[in-house]
Amino acid sequence: MAKPKRRYVCQACGSLAQRWQGQCADCGEWNTLAEEAPETVFSAKHDLSGGGRKIAFEPLDKAGAPLVRRSTGIAEFDRALGGGLVPGSAILMGGDPGIGKSTLLLQAAARVAQGGGEVVYISGEEAAGQVRLRAERLGLAGAPVRLASATSVRDILTTLGGMAAPALVVIDSIQTMHSDQIEGAPGTVSQVRASAFELIRYAKECGTALVLVGHVTKDGSIAGPRVLEHMVDVVMSFEGERSHQYRILRSIKNRFGPVDEIGVFAMAGAGLEEVGNPSLLFLSQRGETVAGSAVFPAIEGTRPVLVEIQALIVRLASGATPRRAVVGWDSGRLAMLLAVLEARCGLNFSSCEVYLNVAGGYRLADPAADLAVAAALVSALADRPLPEGSVWFGEVSLAGEVRPVAHASLRLREAAKLGFGEACGPAEVAHEALGKGYNAITMLSKLVDRVIAEA
Ligand code: TYD
Ligand code: MG
């Protein structure tokens, strides 16, 4: 038999290398390659004549058991999941350390348990006493959650196998789990993959909903094993700025529902509180209108959220390299918008420092924010406030045109409901905007004229 080859696995992306290198050739991370035990390959040749078992094909329209979801008892969590926990599904919950994953899951576990479901909460990071202390602080100590501190997957599965299948199993976190099926320290790609595989197989066989907590690396992907994202049914990410109160639960992948719904929470003294109506959360306290501030009607899933975009422009004495800093938006997109404003509207930002901030720790990904950002920038540059009570939305092309965006009428309706009497956006939606106060902006240069003329 040939001597098994050494293999080196990148702990960040899971790619394979034949020899050790300082940098992973696939993801470019440094010092992430680690030697792992060789995989046993039996025979690469397939025998078409037989040897295997025949599998049975099934029609697509075969009537199966209807999908019954179980509520987590937290409406915002259910909403982000697409309606609740699906039995037998595996959910990966990612998020920065300290963002509140353990808190949210403990609250959900307690609610499910109070609702009569059997819940197992296994912490590999904290001692049972620590989890109990937190439950006490959250006022949930009375909930009949089965709590344990363990890291051995074999022990966990043996325990689960000896009891009726629970409705929900929470594993906090998958990086601390250790499977004895495979060599290696906990947290390595192969360990995480093997542990997750065994736990997911249990969940599928027994119809238990399984939540795995996964740590997030500094670039925002779920730590190390991106491979895990392929194995689970739902990938969720819990986001927010730790210094801000608000947290957003987003699903990135969902085999059982839409991925555009979010759950909004506020971290308070007694854990995470649901924020049922988030549309006004991300507006700063509105007093007098200031230059450089524009309100953008964003859409999250099916819900509109009004967000304030703030721009600050500082003119520099000639010579120094101006800074551009962005919080809550894409810096590449800001560079593009500045270039369009320079090339198509004749504005000059080259000797100015540009700072852009999305209020409330919110992260914007909607391309419809372009026009609002442009309005904030022009308003800051001209040092003139935008008209009071106005909202701005539309996508800006490289040619400087304002393009139509999705859900225009929903955005307008929400803005009107919250007392914004004026809206500026793409021309294509003008007929949808019932009533007065809608200004169609076809070209970015029109916006510049408008901001400068209005004030
Ligand atoms: P935690 O759930 O431990 O975060 P994660 O599991 O994602 O690492 O949450 C930790 C933070 O939440 C902690 O820094 C304090 C804050 N917190 C509150 O503000 N109020 C509370 O009631 C609880 C339980 C935590
Ligand atoms: Mg935790």
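**The aromatic pair and its sheet**

Tutor: Phe265 is buried, with a relative accessible area of 0%; buried means under 20% relative accessible area, exposed over 50% and partly exposed in between, with a 1.4 Å probe and protein chains only. The model is predicted, and local features need pLDDT of at least 70, side-chain atom pairs count only at pLDDT 80 or more, and totals for chains, interfaces and linings use all residues. Residues are numbered from 1 along each chain as its sequence is written, chains are lettered from A and ligands numbered from 1 in the order in which they are written, and side-chain values use heavy atoms, with hydrogens and water left out.

A search of the whole structure finds one aromatic pair. The ring centres of Phe238 and Phe265 are 5.9 Å apart and their planes stand at 80 degrees, so the pair is edge-to-face. For this term, rings of Phe, Tyr and Trp (its six-membered ring) pair if their centres lie within 6.5 Å; planes under 30 degrees apart count as stacked, over 60 as edge-to-face and the rest as tilted. The two residues link distant parts of the chain, 27 residues apart, with Phe238 in strand 9 and Phe265 in strand 11. Helices (H or I, at least four residues) and strands (E, at least two) are DSSP runs, numbered from the N terminus. Phe238 is also buried, at a relative accessible area of 2%.

Nine strands make up an open sheet of mixed pairing, in the order 6-5-7-8-4-9-10-11-12; two strands pair if DSSP finds at least two bridges between them. Strand 6 (146–149) and strand 12 (271–274) are its edge strands, each pairing on one side only. On average, neighbouring strands of this sheet are turned by 25 degrees against each other, direction ignored. Strand 9 (residues 234–239) is joined to strand 10 (residues 246–254) by six bridges in the antiparallel sense, and in strand 10 it is Leu249 that stands opposite Phe238.

Helix 3 (residues 128–137) lies across strand 5 and strand 6, at about 140 degrees to strand 6. Here axes are lines fitted to C-alpha atoms, for helices over the stretch in contact, and angles run from 0 to 180 degrees between N-to-C directions.

Phe265 is also touched by Glu76, a residue of helix 1 (residues 75–81). Contact means heavy atoms within 4.5 Å. Not counting residues up to four places away in sequence, Glu76 touches partners including Ile262, Gly263, Val264, Glu274 and Arg303. Glu76 counts as buried at 5% relative accessibility.

The domain assignment gives domain 1 (1–41), domain 2 (75–276) and domain 3 (281–451); such bounds come from an automatic or database domain assignment. The C-alpha centres of domain 1 and domain 3 lie 47 Å apart.

His178 counts as partly exposed at 29% relative accessibility. Leaving aside neighbours within four places in sequence, His178 is in contact with residues including Thr151, Ser152, Val153 and Ser195.
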